[in-house]
Amino acid sequence: NGKLTTFGEYAFYDVNLLEGDFVIPDSVTTLDMDALYSLKVPGDLVLGNGVKKIGKDRLTHVEVGGDVIFKNVETIEEYAFEMATVKGNIDLGNNLKYVGTGAFYNTVMEQGDFVIPGSLESIGPYAFQHFFASNSRLILSEGLVNIQNSAFQSRIFDGDLVIPNSVVVIGDKAFEGASIRGNLVLGNSVS
């Protein structure tokens, strides 16, 4: 059909884009191992509508000068976006259903609030461990049910942290070592 559908292994490994955005076309459905490893983008990184799953280690060590936009992503697997630096905001979209172990481990986001969409029911273990968002709030949307073990361990929170009423389980060490610059408000259903 003549449409680009796959970025192979190391397709854009250590590429330094000197100007502009990196927009993955809607026709792309597959990002192979380390397809964008250590990619440097001065503008935005936009994952097209065809990318529904980000597998293990696909976007590790990326540096983005603007925003990262996960338009239609449903699954972010283990360590998929670890050790990334984003000067703008990370927009997870509204279709996210799964975030795996360590998916955003040691990632830095420098602007905007970090919103966990209501479509995500469970946050995997260590998913946001050491995730740092300077001058940003973490917004956990209604619909989230389970915050697994060590999900936000050693994380800094600016502003109030509100655990929505939909959350019924907060796992072991889920917020261990976290610093909260504001109020901690627990929902009615937390057990």
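Start by selecting Ser-122 and Gln-148: their side chains make a polar contact at 2.9 Å. Bear in mind as you click around that this is a predicted model. Ser-122 sits in strand S15, which covers residues 122-123. Now show what surrounds it: setting aside neighbours within four places in sequence, Ser-122 is in contact with Val-99, Leu-144 and Asn-146 as well as Gln-148.

Next, switch to a cartoon view and look for an open sheet of four strands, paired in parallel in the order S2-S5-S8-S11. Its edges are S2 (22-23) and S11 (90-91), each pairing on one side only. Zoom in on S2 and S5 (residues 45-47), which run parallel and are joined by two bridges. Pick Phe-22 there, and you'll find its bridge partner in S5 is Leu-45.

Now for the charged pairs. How many salt bridges does the structure hold? There are five, and here are some to visit.

Select Asp-14 and Lys-40, whose side chains meet at 3.0 Å, N to O. Asp-14 is in the loop between S1 (6-7) and S2, while Lys-40 is in strand S4 (residues 40-41), 26 residues apart.

Hop over to Lys-53 and Glu-77, a salt bridge with its closest N and O atoms 3.2 Å apart. Lys-53 lies in strand S6 and Glu-77 in the loop between S9 and S10, so the pair ties together parts 24 residues apart in sequence.

Finish at Asp-113 and Arg-137, which form a salt bridge at 2.7 Å, N to O.

Terms used
Residues numbered from 1 in each chain as written. Predicted model: local features only at pLDDT ≥ 70, side-chain atom pairs only at ≥ 80, totals over all residues. Heavy atoms only, no water. Pairing = 2+ DSSP bridges. Polar contact = N/O pair within 3.5 Å; in protein donor to acceptor, adjacent residues only side chain to side chain. Contact = heavy atoms within 4.5 Å. Salt bridge = Lys/Arg side-chain N within 4 Å of Asp/Glu carboxyl O.
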